[in-house]
Amino acid sequence: MNALHKNESLLGTKSKMTAIIREWSITIVLLIIWIVLSFVSPYFLTLNNITNIFLQCANIMMISIGLTFVLITGQIDLTLGSIEALAGTITAIAIVKLGLPFFIAIALAILVGMACGFFSGVLVARFKFPPFIATLGMQGITRGIALILTQGAAILVSTDAFKTLGRGKVFGLLPVPAVIYGIMLILATIVLKYTRFGVNVYAVGSNEQATNFSGINVSWIKIAVFMISGAMSACGGIVMAARLGSGNAAIGDADVMDAIAAVVIGGTSMRGGTGSIRGTFVGVLIIASIRNGLNLLAVGSYWQMVLIGLIIIGAILIDQFSKGEITK
């Protein structure tokens with residue numbers, strides 16, 4: 001009996017160690033990337049450059065938070081970049097052409113982002129559209145509306161208070177966008193880990209049919225996560241507009257790819273049921289650090305797209321291998 005208990009104890013310890021390694025492996029990868037890039041470029045680990053990384057990844061961080069909710073339920077959202085563009089242009093139009101206070105303009109843009117997410121969610125949950133098709137259609141609609149509103153031209157915003165959201169610094173060091181998404185990260189973590197809604201999000205992704213049989217409104221959960229994604233994408237677009245000092249319908253084209261790469265690298269499965277906001281945070285920093293390092297090395301943007309695409313494929317392959325979904 002003692003030998004049996006000893007073996008069970010060893011197995012339990014080994015299981016815990018494996019879980020800890022998996023949980024922190026992505027953070028270790030980030031540290032390794034930083035160390036390598038610090039040797040490749042002497043400018044990488046300077047305070048100014050690290051601050052720039054946290055600033056430059058602000059919009060990707062925000063849309064990735066929303067995408068994490070969607071992916072955990074086993075869905076996908078391709079509207080992220082187009083909602084960014086629409087929210088930024090709506091904010092600029094509301095401030096410049098309608099003369100609204102910037103905080104009302106921001107609230108309006110976020111509501112529009114939530115509405116876009118709501119329509120995507122309804123198509124998926126109520127009308128049984130495949131998420132890829134539903135959000136691809138919404139992607140075209142939202143981008144088209146943004147282009148119609150701006151006629152393809154940037155709308156300059158001169159309001160200093162608004163531009164502070166994208167360019168300001170707290171205590172002259174920490175970028176305001178980093179403070180904003182830091183608060184969002186905390187709130188999203190609380191929602192996913194400590195609320196019934198968060199438990200239901202994981203349940204839908206793990207086994208939708210069983211969740212439905214247990215009395216949980218699966219359709220509402222799906223609609224809600226798309227609305228969260230829409231709201232977070234709108235926030236990303238607002239911060240980007242504030243940073244650029246203009247609303248531009250052309251922004252966000254490559255952001256979907258970066259966000260998917262970051263969230264998957266962070267441990268969220270494309271098949272649903274697993275994922276964390278902490279992992280997404282680290283995943284975004286990895287993508288932002290790689291892009292920053294490649295820029296310091298003067299690597300062209302086209303090659304950066306190739307690399308990010310390879311990272312997405314590699315991350316998904318690793319996820320499938322780890323779950324035994326790929327066999328010989």
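Which residues make a nonpolar surface patch of about 540 Å²? To find out in this predicted model, select Trp24, Ile28, Ile32, Val36, Val40 and Leu297, which together make the patch. Stay for a moment on Val40, which has its place in helix H1, residues 2–40, and which is partly exposed, with a relative accessible area of 46%.

Next, turn to the largest nonpolar core, which has 61 residues, and pick out Ile65, Tyr181 and Ile286, the members that touch the most others. If you then select helix H3, residues 58–72, you will have the element that gives this core its largest share, eleven residues. Now centre the view on Tyr181 and display Phe54, Cys57, Ala58, Met61, Met62 and Ile65, which Tyr181 touches when residues up to four places away in sequence are not counted. As background, nonpolar side chains tend to be buried together in soluble globular proteins.

From there, select helix H5, residues 102–125, whose 24 residues reach 34 Å from the first C-alpha to the last, close to the 34 Å expected at 1.5 Å a residue. Colour its buried residues, including Ala105, Ile106, Ala109, Gly113 and Cys116, and then show helices H4 (80–96), H6 (131–150), H7 (160–167) and H11 (218–244), which are included in what covers them.

The last stops are salt bridges, of which the structure holds four. Begin with Arg143 and Asp253, whose side chains meet at 3.1 Å, N to O. Arg143 lies in helix H6 and Asp253 in the loop between strand S4 (246–247) and helix H12 (255–265), so this pair ties together parts that are 110 residues apart in sequence.

Move on to Glu208 and Lys222, which meet in a salt bridge of 3.0 Å, N to O; Glu208 lies in helix H10 (residues 208–213) and Lys222 in helix H11, so the pair ties together parts that are 14 residues apart in sequence. Here Glu208 counts as partly exposed at 33% relative accessibility, while Lys222, at 8%, counts as buried.

Finally, select Arg291 and Asp258, which form a salt bridge with their closest N and O atoms 2.8 Å apart. This pair links helix H13 (residues 277–296), where Arg291 lies, with helix H12, where Asp258 lies, 33 residues apart, and both Arg291 and Asp258 are buried.

Technical notes. Residues numbered from 1 in each chain as written. Predicted model: local features only at pLDDT ≥ 70, side-chain atom pairs only at ≥ 80, totals over all residues. Heavy atoms only, no water. Core = buried A, V, L, I, M, F, W, Y, C linked by side-chain atoms within 4.5 Å. Buried < 20%, exposed > 50% of the residue type's maximum accessible area, 1.4 Å probe, protein only. Helix = DSSP H or I, 4+ residues; strand = E, 2+ residues; numbered from the N terminus. Contact = heavy atoms within 4.5 Å. Expected span 1.5 Å × (residues − 1). Patch = residues over 30% accessible without salt bridge, like charges linked within 9 Å, V, L, I, M, F, W, Y side chains within 5 Å. Areas by Shrake-Rupley, 256 points an atom, 1.4 Å probe, with all protein chains shown as cover.
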